[in-house]
Amino acid sequence: MHTSIWLDTEIKPFQPLHDSLQTDVTIIGGGITGVLTAYHLAKQGVKVVLLERDRLSQSTTGHTTAKITAQHDLIYDELIQHFGEENASLYYQSQKEAMAFYHKTIKMFQINCHYQQEHAYLYTNQPNNREKLEKESEAYQKLAIEGTLVDQIPFSFPHLKALRMNTQAQFDPRTFLKTIVAEIEKYQGHIYERTTAVDIDYQSNTIVRTARGHNIITDNVVVATQFPFYEGKAFYSTRMYPSRSYVVGFTSSEAYPGGMYLDVDQPIRSIRHVQKEDKTIWLLGGQAHKTGQQQQHADPYTELTQFANRYLRSQAFHYQWSAQDYETLDKLPYIGALNKRHPNVFVATGYRKWGMTNSAVAAQLLADLIVGKENPYKKLYQPQRFHADPDLKAFMRNNSDVATEFIKGKLSKTDRVEQLKPNSSAKIKHDGKTIGVYKDDDDQLHAVDPTCTHLGCECNWNQSEKSWDCPCHGSRFNYDGKVIEGPATKNLNKLSL
Ligand SMILES: Cc1cc2nc3c(=O)[nH]c(=O)nc-3n(C[C@H](O)[C@H](O)[C@H](O)COP(=O)(O)OP(=O)(O)OC[C@H]3O[C@@H](n4cnc5c(N)ncnc54)[C@H](O)[C@@H]3O)c2cc1C
């Protein structure tokens, strides 16, 4: 079984940073946000350095489902309620511009990235959610969004109603980004892979420090690492939470009927297709849960496979992968200066699994802020906003969750190592300390201190991905404690038993 279908596309490798240097803008994180921001800046003649901890666009961007759409689940009715029609309309306009950016750029460079326009659908089989779809449809009308309610979508699973948003799109993000990376190089942008930024320091200049001890003196910094690896006392840890989702890719005995689909009931399901040479691969995503809070006895891949077998006439499964994205308190991304104390450090995060358009919004907005151009969306997305109503409720909910994880993690039940079956894990107590143990298929034990090196929450085992996942801010580590993703920059401590 392959992992993500997008990783079939190779992007040229880059060397790690071996020297200290000086530049106009340092961009940290080589996912779609970092790469697009580098592109917008480099083509205006700004000196850009892009640092990526691992390889370009292999993290969430390499594990997305890549629908390019302004249909971001149920959102427009809620935005109107919380922020008013004008702001809801601004949100939609920004997303539409992002879609137009992809359309124009793909055409301009003739990128063969399976870009395809499709209608997007939200659907439900529950009466209370049907009402929500109806309300969302009214919001579409208020905001002049082209779309309509329909009774049927072309699948056999039960459904009552669907809401269509007309003429959205889908693509292969890494094939697209391969061309954009080549453009950045053409404009003299410098890219370094396997280079982790570990700190931002303020002396007479702003300095980005890397794990190997190199320094970059820089006028501006863009933190495009999903969860900001550097928070600068701006409390992102209390204002965002990570959610993980799973995807399977398979062939079906049915012809794909067209369209992109998203369930608004639980568990959420997402459906689209990809043309791969002579094969049509159906992508089915879903089984979302807060990172580090997976139900231990439910395997998300099994659930998705069973759904595909039952309703989508699946034949052969070729791909499976998972990834995570962050949600903010009020569901709008944070894009802009980190906070008032750091006016030259910018952040773009909290896309709520709608990062294809939101990254394009962010890249344009951050480039405009850096070169001093007006941008109509600056206020809407500024990270320091605080909208009392939704923020407060989500703040309470999120932080009580985080607090529980601090405590619950420490009180995990004591299992004995000898009782562990191969390919399973446990937390054990030893000398008053908690030890996370994984026994592999060859009966080898791998022990770590599961205390997250980011802010000290206790990681939980994710059996589907064989990883230690932090329930607080989404740092993830492999069974040997090596950082996979998230804000942690240090590995978990390896222990011997
Ligand atoms: C399962 C799933 C399906 C999705 N489907 C869709 C969809 O259909 N449509 C849509 O619009 N959105 C979708 N999304 C959301 C979208 O994929 C993401 O929002 C987007 O890819 C995020 O891009 P990014 O560049 O901000 O982050 P990433 O792609 O995660 O890039 C961040 C990069 O920063 C690097 N990094 C981290 N820390 C450091 C450090 N200290 N130093 C250097 N580098 C560092 C990481 O290695 C990583 O490469 C989906 C998300 C998920 C989880």
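Q: How far is the sulfur of cysteine 459 from the closest cysteine sulfur, and which cysteine holds that sulfur?

A: Good place to start, with the reminder that this is a predicted model. A disulfide calls for two cysteine sulfur atoms within 2.5 Å. The closest cysteine sulfur to that of cysteine 459 is in cysteine 452, at 4.7 Å, so the two are too far apart for a bond. Cysteine 459 is also buried, at 0% relative accessibility. Cysteine 113 is another buried cysteine, with a relative accessible area of 0%.

Q: How many disulfides does a search of the whole structure find, and which cysteines form a disulfide?

A: The search turns up one. Its partners are cysteine 457 and cysteine 472, with sulfur atoms 2.1 Å apart. The pair ties together distant parts of the chain, 15 residues apart: cysteine 457 sits in the loop between β20 and β21, and cysteine 472 in the loop between β22 and β23. The link is left-handed, with -100 degrees about the S-S bond. Cysteine 457 is buried at 1% relative accessible area, and cysteine 472 is buried at 1% as well.

Q: What polar atoms of the protein lie by oxygen or nitrogen atoms of the ligand?

A: An N or O atom in the side chain of threonine 61 is 2.5 Å from a ligand oxygen. A backbone N or O atom of isoleucine 32 lies 3.0 Å from an oxygen atom of the ligand. For a ligand nitrogen, a polar backbone atom of alanine 197 is 2.9 Å away. Overall, the protein covers 97% of the 1,000 Å² of accessible area that the ligand has on its own.

Q: Is α6 largely enclosed or largely open?

A: Count its buried residues, meaning those under 20% relative accessible area. In α6, 14 of the 17 residues are buried, so the helix is largely enclosed by the rest of the structure. From first C-alpha to last, α6 reaches 23 Å, close to the 24 Å expected. Just after α6, glycine 372 takes a positive phi of about 80 degrees.

Q: Where does threonine 64 lie, and is threonine 64 buried or exposed?

A: Threonine 64 is in the loop between β2 and β3. Its relative accessible area is 15%, so it counts as buried. A polar atom of its side chain lies 3.0 Å from the backbone nitrogen of alanine 66.

Q: What should I look for in the backbone?

A: Most residues other than glycine have a negative phi, and most peptide bonds are trans. Against that background, arginine 194 has a phi near 50 degrees. Arginine 194 is found in the loop between β7 and β8, and is partly exposed at 45%. Lysine 331, with phi near 75 degrees, lies in the loop between β15 and β16. At 21% relative accessibility, lysine 331 is partly exposed. For the peptide bond, see glutamine 266 and proline 267, which are joined by a cis bond with omega about -10 degrees. Proline 267 is in the loop between β12 and β13.

How values were computed:
Residues are numbered from 1 along each chain as its sequence is written. This is a predicted model: local features need pLDDT of at least 70, side-chain atom pairs count only at pLDDT 80 or more; totals for chains, interfaces and linings use all residues. Side-chain values use heavy atoms; hydrogens and water are left out. Helices (H or I, at least four residues) and strands (E, at least two) are DSSP runs, numbered from the N terminus. Buried means under 20% relative accessible area, exposed over 50%, partly exposed in between (1.4 Å probe, protein chains only). A polar contact is a pair of N or O atoms within 3.5 Å; within protein, one must be able to donate a hydrogen and the other to accept it, and residues adjacent in sequence count only if both atoms are side-chain atoms. Accessible areas come from the Shrake-Rupley method with a 1.4 Å probe; for residues, only the protein chains shown count as cover. The expected span of a helix is 1.5 Å times one less than its number of residues.
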